[in-house]
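Here is a short briefing to read alongside the structure. Have the sequence and the 3D view open as you go.

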Amino acid sequence: MYVLLTRPREDSAALAVLLQARGITSLIEPMLDIQQIPGVPLATEGVQAFLLTSANGARALAQATAKRDLPVYAVGEATAKLARALGFRMVQSAKGDVASLANLVAECADPKAGVLLHAAGKNVAGDLAGALAKRGLTVRCEAFYEARPAQGLSPRLAGALEKEAIDAVLFFSPRTAGVFVRLVNEAGLAASCERVLAFCLSPAVAEAAKAIHWRGLRVAPSPNVESLLRELEDASAVGRGDNPEG
C-alpha cells in the first residue's frame, strides 16, 4: 500500500516511521506549512496550566518559554508524548478531541487558580475557550505559529495521482482536507481520487474531504492516531480488490 501523508512535515515524518514499521510505504506532501510567529512574548504570571491541541502547539510553546513545571493538558497521546519529550514534567492526555480536552481540564483545573494558556496557531479549530468558559474557567489563547496552505501539488504527487499509484490518503484536520480538495480540483486531478481511500480523523474532517469522490471514505472510531492507523491496517489487510466501504 502506498499512502499519502498530508500533515505538516515534522508530523508526517514521524507518521512515516510508524507506517514503515507496519510495512506501508508513504509519500509526504504537507498541505500546510508551519511558520513560527517571531517575537511572541509569553507571560506566564497568573497561568495555572498550558493547553495543547496539537503537536505544533507543543513545539511552539517549548520555544516560547523555558518554564516546564506547570501542568500541561494535551488533546491526545501523541501531543502529550511530544510535550514530555520537550521537557514538560506534568502532562496529562485527554486521549480524544477538543471536547475530551475540555472535560479533562474542567475536572482538573481550579477556576480560582489562574488562567489557562492555550498555545495555538492563528487558525484555531473548535471552541475550547468557550467550552471552558461555561465551566467557570478562563482561557488565554496565544498564537505562536501560522499554518500556511500549500499553493499547488508537487509534480511528484500529481504524477502519482495521474498514474493511480496512491492507494490511500490520511487527513487529520478539516483544513488540511479542504486544502487538498482545492488543489486537486485546481490541478484537474479530482477524478484520480476515485481510486483512493481517504482516512479521516473525525467526522468533521470527513465532511471537508467528501467534497470530491473517493473510492472509500473512512472515519477513525476514536479521534487519535492509533485508531486511524488501525483503520488503515484493516484496509491494507483486506487488499485493493475488496469493498472498503464497510
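In what order do the six strands of the open sheet lie, and what is the pairing? The order is S3-S8-S7-S4-S5-S6, and the pairing is mixed. Please keep in mind that this is a predicted model.

**The sheet**
- Strand S3 (32–36) and strand S6 (90–93) are the edge strands, and each of them pairs on one side only.
- On average, neighbouring strands of this sheet are turned by 25 degrees against each other, with direction ignored.
- Strand S4 (residues 47–52) and strand S7 (residues 115–121) run parallel and are joined by five bridges.
- To find this pairing on your screen, look for Ala-49, whose bridge partner in S7 is Leu-116.

**Helices on the sheet**
- Helix H2 (residues 55–64) packs on the sheet, where it touches S3, S4, S7 and strand S8 (139–149).
- The direction of helix H2 makes about 115 degrees with that of S8.
- Helix H4 (residues 98–108) lies across S4, strand S5 (71–74), S6 and S7.
- Relative to S5, helix H4 runs at about 150 degrees.

**A look at Ser-26**
- Ser-26 sits in strand S2, which spans residues 25–28.
- Is Ser-26 buried or exposed? Ser-26 counts as buried because its relative accessibility is 19%, and the cut-off for buried is under 20%.
- Beyond its neighbours within four places in sequence, Ser-26 is in contact with Tyr-2, Val-3, Leu-5, Ala-16 and Leu-19.

How values were computed:
Residues are numbered from 1 along each chain as its sequence is written. This is a predicted model: local features need pLDDT of at least 70, side-chain atom pairs count only at pLDDT 80 or more; totals for chains, interfaces and linings use all residues. Side-chain values use heavy atoms; hydrogens and water are left out. Helices (H or I, at least four residues) and strands (E, at least two) are DSSP runs, numbered from the N terminus. Buried means under 20% relative accessible area, exposed over 50%, partly exposed in between (1.4 Å probe, protein chains only). Contact means heavy atoms within 4.5 Å. Two strands pair if DSSP finds at least two bridges between them. Axes are lines fitted to C-alpha atoms, for helices over the stretch in contact, and angles run from 0 to 180 degrees between N-to-C directions.
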